[in-house]
Amino acid sequence: EVVRPSAWREAVIEADKSVDFVLRKLFPGRETAAERLKEARLLFSNRQEYENLWYAHKLRNELVHTVGFELPSVEAKNILEYFKRALEVLI
């Protein structure tokens, strides 16, 4: 099945919002997503999963702030998996 690039883009943005929703609940005193992500470090026993979450968040920022940024579907699938794993750790 072929998925439109815009669908991958929307999925990545929504996944990032979901993770941030959880992080806001866990760290209500932190103003920015970056501050909340830094606080979350201690919740991850696997450093690579934590690094993957940061990578996924940075890529989401590229999608939102860089005009013409294209996200290959293979990479989008990886990013969504990183967000999924982060949610499994955080919830």
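Does L71 count as buried or exposed, and at what relative accessibility? Here are some friendly notes, starting with that residue.

1. **L71.** At 11% relative accessibility, L71 counts as buried; the term means under 20% relative accessible area, with exposed meaning over 50% and partly exposed lying in between (1.4 Å probe, protein chains only). You will find L71 in the loop between α3 (47–65) and α4 (73–90). Leaving aside residues up to four places away in sequence, L71 touches V12, L59, L63 and A76, where contact means heavy atoms within 4.5 Å.

2. **What you are looking at.** This is a predicted model, in which local features need pLDDT of at least 70 and side-chain atom pairs count only at pLDDT 80 or more, while totals for chains, interfaces and linings use all residues. Residues are numbered from 1 along each chain as its sequence is written, and side-chain values use heavy atoms, with hydrogens and water left out.

3. **Overall make-up.** The protein has four helices and zero strands, running α-α-α-α from the N terminus. Helices (H or I, at least four residues) and strands (E, at least two) are DSSP runs, numbered from the N terminus.

4. **Size and packing.** The C-alpha trace spans about 40 × 25 × 15 Å along its principal axes. Buried residues make up 33% of the 91. Of the contacts with a separation of 6 or more, 58% join residues 24 or more positions apart.

5. **Helices α1 and α2.** The axes of α1 (residues 5–26) and α2 (residues 33–40) come within 10 Å and cross at roughly 70°. That makes α1 roughly perpendicular to α2, a label for angles of 65 to 115 degrees. On the α1 side the contact is made by D20, L23 and R24, and on the α2 side by A33, R36, L37 and A40. These residues divide into four nonpolar, no polar and three charged.

6. **N61.** This residue is found in helix α3. At 25% relative accessibility, N61 counts as partly exposed. N61 and A86 are 25 residues apart in sequence and 17 Å apart in space, C-alpha to C-alpha.

Note on methods
Axes fitted to C-alpha atoms, helices over the stretch in contact; angles between N-to-C directions. Parallel < 35°, antiparallel > 145°, perpendicular 65-115°, else oblique. Nonpolar A, V, L, I, M, F, W, Y, C, P; charged D, E, K, R; others polar.
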